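Hi there,

Here is the structure I promised to pass on.

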Amino acid sequence: MLMFCIGQLLNLDTGNRDGQNLVTEDVTVVEGDVATISCRVKNSDDSVIQLLNPNRQTIYFRDFRPLKDSRFQLVNFSNSELRVSLTNVSISDEGRYFCQLYTDPPQEIYTTITVLVPPRNLVIDIQKEIAVEGEEIELNCTAMASRPATTIRWFKGNKELTGKSEVEQWSDMYTVTSQLLLKVGREDDGVPVICLVDHPAVKDLQTQRYLEVMYKPQVRVSQNYPVQGLTREGEPLELTCAAFGKPQPTDMRWLRVDDEMPQHVVVSGSNLLISNLNKTDNGTYRCEASNAVGKSHADYMLFVYDTTATTEPAVHGFTQLPNSAEELDYGDLSDSRAGEEGSIRSVDHAVVGGVVAVVVFAMLCLLIILGRYFARHKGTYFTHEAKGADDAADADTAIINAEGGQNNSEEKKEYFI
């Protein structure tokens, strides 16, 4: 008899989840929501069903509630089921709840209520509210007082980034802080940085901050007139300079690279006007713009054609020259058009240069050949008529004394008898 009673007590205390005729399920609920506990009997024999809390206090005995906690409400009672709801669940409600069936011997099974707590606050803190392009800034996102600990993810626009998280536990709650180091460029200005929380108690919980990035001006020169035409002598040329930066550039000026600006050039704000082009205007014209961050420029290469020029270039254009190696990362910031400093100029110069080089080479070869020829056939020729005349006192004597003169001629005479 004693062994039988001990066996019944052990059966009640061990929380036998195989429970013979009893069936129940664990419950996971978000703090503040409603948890429903169900004690079901597979083969009902009209035995009494009872529900107990983690402290083993009776919540319901059949359809009667002895516990003075009005948050527990009867949802359904029958010979085969006792279903009870618990409203406004808190962490203190978490634990094991016991279903008991008064059979011989008594049966017992437990269900576990797990309470999830979403983060109470989600905050992004930026080290610098306003950054300069090229700087590395620090952002921190903190999710406070959650259960279990949250997972924090970072996004810049639609691109996911990787941060470094730290977890702190206070009692049954967890606070998670994630740090993100981000090197910003001008393309990041106005882009949202998003801190998103992965937690079973909440969906789509996120907060964001918009980046504010200062950057040097982007400069672009465009040719207003002639519109994609040849820049000929006697015709006008009008250029416009546009600059964009943050802050907006306040200083903009035109200059001529490696030379003085022609006196007849008119500069009005961002516009440059040459009313009567001539070949002395050839050169590179530069528009410079600056703001608090730095200075940038774009160049226009001008070549003035004769009035008879009629061929239109296949491709017009010129490029902005970067101020430094850093600007190469931003690509070509200018879509400006040059005064026919495109394919025609490069092709004409290449052809003319090639022809001149061939002609000069041919002339040098000819001179070398002629020089060698005359050097081989050149000789010294002397006459003997004046031989011995160098010592004569006067012309008559020189003639008489000269070899090949009168004396010699007499020696050569033939006498006929």
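What follows is a short tour of the disulfides and one further cysteine.

Please keep in mind that this is a predicted model. The structure holds three disulfides. With the bonded cysteines counted along the chain, they pair up as 1-2, 3-4, 5-6.

C39 sits in strand β3 (residues 35-41) and C99 in strand β8 (residues 95-102), so the bond ties together parts that are 60 residues apart in sequence. Both C39 and C99 are buried.

Next come C141 and C195, also joined by a disulfide with an S to S distance of 1.8 Å. Their torsion about the S-S bond is about -80°, which means the disulfide is left-handed. Here strand β12 (residues 136-146) supplies C141 and strand β17 (residues 192-199) supplies C195, so parts 54 residues apart in sequence are tied together. C141 is buried, and C195 is buried as well.

The remaining pair is C241 and C287, with 1.9 Å from S to S. A torsion of about -85° about the S-S bond makes the C241 and C287 disulfide left-handed. It links distant parts of the chain, 46 residues apart: C241 in strand β20 (residues 237-246) and C287 in strand β24 (residues 283-290). C241 and C287 are both buried.

Lastly, C365 is partly exposed, at a relative accessible area of 30%.

Terms used
Residues numbered from 1 in each chain as written. Predicted model: local features only at pLDDT ≥ 70, side-chain atom pairs only at ≥ 80, totals over all residues. Heavy atoms only, no water. Disulfide = S-S within 2.5 Å. Helix = DSSP H or I, 4+ residues; strand = E, 2+ residues; numbered from the N terminus. Buried < 20%, exposed > 50% of the residue type's maximum accessible area, 1.4 Å probe, protein only.
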